[in-house]
Amino acid sequence: MIKGRLHHELGQVTLALASFQQFDEACIAAERKGLLKPENVISWRYTSVHMGSMYLAMGQSEAAKRCFLRVLEWPRAWQTDRVNALHGVARYHKERKDWVKTIRCSEKALHFFPHVKKGILIDEIEERLLLLLADAAEGQGDLRRAREFDMETMKVWYGQGGKELNAEFLDCYCRQALRQLAARLPHEAAMSAPRLYLSFFQESGIINFVRLDRLRSLIAALKV
């Protein structure tokens, strides 16, 4: 059943990506002719960010990076666009295990964060940026710092009303499970690692296609 659902979701990704690519090409053609409307520029930036997220989910990291960088190079891009795009670039650098650039992009995005319109940001983006910093700290071997960012992530999450947990938190819970194992608390670790498994596959009955790349974190958590 899960395998069939994954195939279905990947098919949905392909269809959505094709639609975004078509709009992207139309905007490029209109811009060259000087006919691009201001409202389409806004939609174009939004589309570029989501195209980048889809490319990342499909393992096409270089195509994703081009989408994100294009948004950052826009002379009149909103700070909201910059936060979303920087988040994407930080994820790109995480994939390459370039922890210094992951930190740089995440911190820059968080610097813009207090001044942007929250309603048009990627969902839970503040938590996601903090988790990227935790991932980078872990990658650099600084587990104390990683724990601090994990705790800050959950603090922000609870402070916003404790929305439904999603796959973005898998790395956080995987680290928590490993800490519990190190503290000789195997039962607690067994509860921590897979607690998001069902919610990941049962969220609204489907898998969110821009989060398919989180499967690796989910599998790592279950292996704990």
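In the predicted model described here, S61, E62, K65, F68, L69, V71 and L72 of helix α3 meet D81, R82, A85, L86, G88, V89 and Y92 of helix α4, where contact means heavy atoms within 4.5 Å. Residues are numbered from 1 along each chain as its sequence is written. Because the model is predicted, local features need pLDDT of at least 70 and side-chain atom pairs count only at pLDDT 80 or more, whereas totals for chains, interfaces and linings use all residues; side-chain values use heavy atoms, with hydrogens and water left out.

The axes of α3 and α4 come within 9 Å and cross at roughly 150 degrees; axes are lines fitted to C-alpha atoms, for helices over the stretch in contact, and angles run from 0 to 180 degrees between N-to-C directions. That makes α3 roughly antiparallel to α4 (angles under 35 degrees count as roughly parallel, over 145 as roughly antiparallel, 65 to 115 as roughly perpendicular and the rest as oblique). The crossing of α3 with α4 is left-handed, a term used if the near helix is turned anticlockwise from the far one by less than a right angle.

The chain contains 11 helices and zero strands, helices being DSSP runs of H or I of at least four residues and strands runs of E of at least two, numbered from the N terminus. Of the 224 residues, 46% are buried, where buried denotes under 20% relative accessible area, exposed over 50% and partly exposed in between, with a 1.4 Å probe and protein chains only. Among contacts between residues at least 6 apart in sequence, 61% join residues at least 24 apart.

Helix α3 also packs against α2. The axes of α2 and α3 come within 8 Å and cross at roughly 160 degrees, and the two helices are therefore roughly antiparallel to each other. Their crossing is left-handed. From α2, the contact is made by W44, R45, S48, V49, M51, G52, S53, Y55 and L56, and from α3 by S61, A63, A64, C67, F68, R70 and V71. Y55 touches L17, Q21, Q60, S61, A63, A64 and C67, residues up to four places away in sequence not being counted.

The largest nonpolar core has 31 residues, of which L36, Y55, F68, W74 and V83 touch the most other members. Such a core is a set of buried Ala, Val, Leu, Ile, Met, Phe, Trp, Tyr and Cys residues joined through side-chain atoms within 4.5 Å. At least two residues of this core are supplied by each of α1 (2-32), α2 (38-57), α3 (61-73), α4, α5 and α6. The greatest contribution comes from α2, with seven residues. Another core, of eight residues, lies apart from it and includes A134, A136, F149 and V156.

Within helix α4 lies V89, which counts as buried because its relative accessibility is 5%. V89 touches F68, L69, L72 and C105, again leaving out residues up to four places away in sequence. The C-alpha atoms of V89 and L69 are separated by 7.5 Å, although these residues are 20 residues apart along the chain.

Helix α4 packs against α6 at an angle of about 25 degrees, with the axes 11 Å apart; the pair is therefore roughly parallel. This crossing, too, is left-handed. Its contact is formed by V83, N84, H87, A90, R91 and K94 of α4 together with I125, R128, L129, L132 and D135 of α6.

The end C-alpha atoms of α6 are 21 Å apart, which agrees with the 21 Å that its 15 residues should span at 1.5 Å a residue; the expected span is 1.5 Å times one less than the number of residues. Helix α6 is mostly covered, with 12 of its 15 residues buried, including E127, R128 and D135. After α6 comes G141, with a positive phi near 85 degrees.

Helix α5 (residues 99-112) has 14 residues and reaches 20 Å from its first C-alpha to its last, close to the expected 20 Å. Its buried residues are W99, T102, I103, C105, S106, A109 and F112, and their cover includes α4 (79-95) and α6 (125-139). The loop between α4 and α5 holds K97, which has a positive phi of about 60 degrees although it is not a glycine. Most residues other than glycine have a negative phi. K97 is exposed, with a relative accessible area of 61%.
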